[in-house]
Amino acid sequence: MRHLLLVPMAWLLAGCPVDFQGWGGMKQQPKALPYRESTFFADERAMRQPPAGTVPRNRRGQDRFYLTGKDTPDGGYVESIPLTLTREVVESGGKSFDIYCSACHGVLGDGVSQVARNMGLREPPSLVDLPEYPDGYYYDVITQGYGLMPAYAEKLTPEQRWAVVAYVRALQESQRAALEDVPPEARPQLYRDGPP
């Protein structure tokens, strides 16, 4: 009698892989896989574009200026950074700049780096020597990419991109500054390593 009970118990413990109702589980059900064709839609693409005018859930409440760097749909750039600029914002922008930008644009933003020297087609520009572009222009370049520079929208959040713009502005100011721009009480600190 014990042996007769062991057979059904072993069968139940094995997970009942037998298909009782003709359903093979989730692996066998019809579904659309990314980058595959699908006969369900007229364009035969399984991956769908979001409907026009929709905004991802994590970006609700943020305006177009903040997300695009443009203040008009036809491309006028925002003149100033739409963040409250604090030391923390600029420092976080510096961290992102060091990770994503300095390899090509140099630690000082001057375009001097080993990667820049080895680029065959075109060296990255010095961010210090660029013309006076609005802040939205820099944000748009970080977001969309430019020339050989890839887009960083997938790597940096909008706030991080604006922080990088703030850091680039700080780099530009620091590299263009003259001794007269330094407050007199801070000048001795500049001379600590010797006069310029």
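These are my notebook entries on a predicted model of one protein chain.

**Ground rules.** I work on a predicted model, where local features need pLDDT of at least 70 and side-chain atom pairs count only at pLDDT 80 or more, while totals for chains, interfaces and linings use all residues. I number residues from 1 along each chain as its sequence is written, and side-chain values use heavy atoms, with hydrogens and water left out.

**Overall fold.** I looked up the secondary structure. The protein chain has seven helices and zero strands. The order along the sequence is α-α-α-α-α-α-α. Helices here are DSSP runs of H or I with at least four residues, strands are E runs of at least two, and both are numbered from the N terminus.

Next I looked up burial. Of the 196 residues in the protein chain, 27% are buried. Buried means under 20% relative accessible area, exposed means over 50%, and partly exposed lies in between (1.4 Å probe, protein chains only). The protein chain exposes about 14,900 Å², and carbon and sulfur atoms supply 57% of that area. Accessible areas come from the Shrake-Rupley method with a 1.4 Å probe; for residues, only the protein chains shown count as cover.

I also checked contact range. Among contacts between residues at least 6 apart in sequence, 47% join residues at least 24 apart. Contact means heavy atoms within 4.5 Å.

**Helix α5.** I went to residues 135-144. Nine of these 10 residues are buried, so α5 is largely enclosed by the rest of the structure. The buried ones are Asp135, Gly136, Tyr137, Tyr138, Tyr139, Asp140, Val141, Ile142 and Thr143. Just after α5, Gly145 takes a positive phi of about 85°.

**Val164.** I picked this residue in helix α6. Val164 is buried, with a relative accessible area of 1%. I set aside neighbours within four places in sequence. Val164 then contacts Gly93, Ser96, Phe97, Cys101, Ile142 and Leu156. I also checked Tyr100: 64 residues separate Val164 from Tyr100 in sequence, and their C-alpha atoms are 9.8 Å apart.

**Salt bridges.** I searched the whole structure and found four. A salt bridge is a side-chain nitrogen of Lys or Arg within 4 Å of a carboxyl oxygen of Asp or Glu.

Elsewhere, salt bridges that share partners join Asp43, Arg45 and Arg48 into one network. Arg48 is partly exposed at 41% relative accessibility. Asp43 is partly exposed at 38%.

Then I looked at Arg87 and Glu91, whose side chains meet at 3.0 Å, N to O. They are four residues apart in α3, so about one helical turn separates them. Arg87 is exposed at 63% relative accessibility, whereas Glu91 is partly exposed at 41%.

**Largest pocket.** I looked up its volume: about 520 Å³. Of its 24 lining residues, His105, Pro125, Leu127, Val141 and Met149 are the closest to the centre. A pocket is found on a 1 Å grid over the protein atoms alone: it is an open set of points where a 1.4 Å probe fits, with protein on both sides within 12 Å along at least five of seven lines, and lining residues have an atom within 4 Å of a point. Grid points are joined across faces, edges and corners, and the volume is the space filled by probe spheres set on them.

Which helices supply the lining? α3 (87-105), α5 and α6 (158-176) each give at least two residues. The largest share, five residues, comes from α3.

His105 lies in α3. His105 is buried, with a relative accessible area of 11%. Beyond neighbours within four places in sequence, His105 contacts Phe97, Asp110, Gly111, Val112, Pro124, Pro125, Leu127 and Met149.

**Surface patch.** I finished with Leu179, Leu190 and Tyr191. They form a nonpolar surface patch with about 250 Å² of accessible area together. Patch residues have over 30% relative accessible area and no salt bridge; like charges are joined within 9 Å, nonpolar side chains (Val, Leu, Ile, Met, Phe, Trp, Tyr) within 5 Å. Leu190 sits in helix α7 (residues 187-190). Leu190 is partly exposed, at 49% relative accessibility.
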